[in-house]
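This report describes the pockets, the helix packing and the charged pairs of one protein model. The sequence and structure are shown first.

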Amino acid sequence: MKTLMVFDFDHTVVDDNSDTWVIRCLPDQTLPDSVKNSYRKGHWTEFMGRVMNYIGDQEVSPDTVRSVMETIPFTDGMTDLLTFISQNKSTIDCIVISDSNTMFIECILQAAGLHVAVDQVFTNPAKFNELGYLEVQCYHSHDCDRCPVNLCKRKVLELYLTGQSDISVEYQRIFYVGDGGNDFCPTSCLRRHDVVMPRKGFTLEKLLAKREGQEPDTSLRARVLAWSSGTDILQELKATMQM
């Protein structure tokens, strides 16, 4: 049976937030207060729609947006990790579940030649319209009160695993690699032999530590192994494949 690698994107695969990195394409690299102050908690994707409208209003071309996104740095060791995954596709499936958008993620991965490592990307759909404005839509709707209105990563992962099972693909082990608060919900559907890998010093690690002290029925079943670089993840992946 195969191994499944599940990655968040911002502050995990890349070492920054792609949604804020795009602001660098503006001449003064800043947003006006009218846009900054329009954010409502849990409605980030709607906010990003206003950000991209403002960028379009400044006549920033799609090519300029792409060029800026291609400069975002990868987290240390991630390019080696994704290269290893791309070289072992017969035994490793890899998906990305992110609250970024399709244009940013695909642009960044393709520019680095790492898109071949990733089988599917689950994120907010985005495309440039005929006026050159990037339009971002919410990925889906859900009834989970722990997640942002546009994306419940647990629901995405559960549906993916069900779809794979329907075509007789089962996973010996799942690695879930993330950093943020919205990576907490999907850890609840992992099994005892799976591994959740929170980035050291980030929100997910703190949330997992807090849950360890709760009642057994709410505790995490998967093993927790924190990471600082893609090298840490690669070492664990290789060790697991040799078992």
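## The largest pocket

A pocket is an open set of points on a 1 Å grid over the protein atoms alone, with protein on both sides within 12 Å along at least five of seven lines, and its lining residues have an atom within 4 Å of a point. A cavity, by contrast, is a set of such points where a 1.4 Å probe fits but cannot get out. The model is predicted: local features need pLDDT of at least 70 and side-chain atom pairs count only at pLDDT 80 or more, whereas totals for chains, interfaces and linings use all residues. Residues are numbered from 1 along each chain as its sequence is written, and side-chain values use heavy atoms, with hydrogens and water left out.

In the largest pocket, 24 residues form the lining, and Trp44, Asp99, Pro148, Gly181 and Asn182 lie nearest its centre. The space in this pocket is about 580 Å³, a volume being the space filled by probe spheres set on grid points that are joined across faces, edges and corners. Strand S2 (residues 92-101) supplies the largest share of the lining, three residues; helices (H or I, at least four residues) and strands (E, at least two) are DSSP runs, numbered from the N terminus.

## The largest cavity

The structure holds one cavity of 30 Å³ or more, and the volume of the largest cavity is about 30 Å³. Its lining consists of Met52, Ile55, Gly56, Val60, Val65, Phe128, Gly132, Tyr133 and Leu134. Helix H3 (residues 44-57) contributes the largest share, three residues. By class, seven of the lining residues are nonpolar and two polar, with no charged residue.

## The buried side of helix H5

Which residues of helix H5 (residues 78-86) are buried? They are Met78, Leu81, Leu82, Phe84 and Ile85. These residues cover an arc of only 155° around the axis, so they lie on the same side of H5; the arc is that of the directions from the helix axis to the C-beta atoms. Buried means under 20% relative accessible area, exposed over 50% and partly exposed in between (1.4 Å probe, protein chains only).

The buried residues of H5 pack against S1, S2, helix H6 (102-111) and helix H9 (230-241), where contact means heavy atoms within 4.5 Å.

## Salt bridges

Ten salt bridges are found in the whole structure, each a side-chain nitrogen of Lys or Arg within 4 Å of a carboxyl oxygen of Asp or Glu. One of them joins Arg199 to Asp15 (2.9 Å, N to O). Arg199 lies in the loop between strand S7 (195-198) and helix H8 (203-211), and Asp15 in the loop between strand S1 (2-7) and helix H1 (18-21), so the pair ties together parts that are 184 residues apart in sequence. Arg199 is buried at 9% relative accessibility, while Asp15 is partly exposed at 33%.

In the salt bridge of Arg154 with Glu158, the closest N and O atoms are 3.3 Å apart. These two residues are four residues apart in helix H7 (residues 153-166), which means that about one helical turn separates them. Arg191 pairs with Asp194, with the closest N and O atoms 2.8 Å apart; Arg191 is partly exposed at 27%, and Asp194 is buried at 1%. Asp8, Lys153 and Asp183 form a network of salt bridges.

Notes
Nonpolar A, V, L, I, M, F, W, Y, C, P; charged D, E, K, R; others polar.
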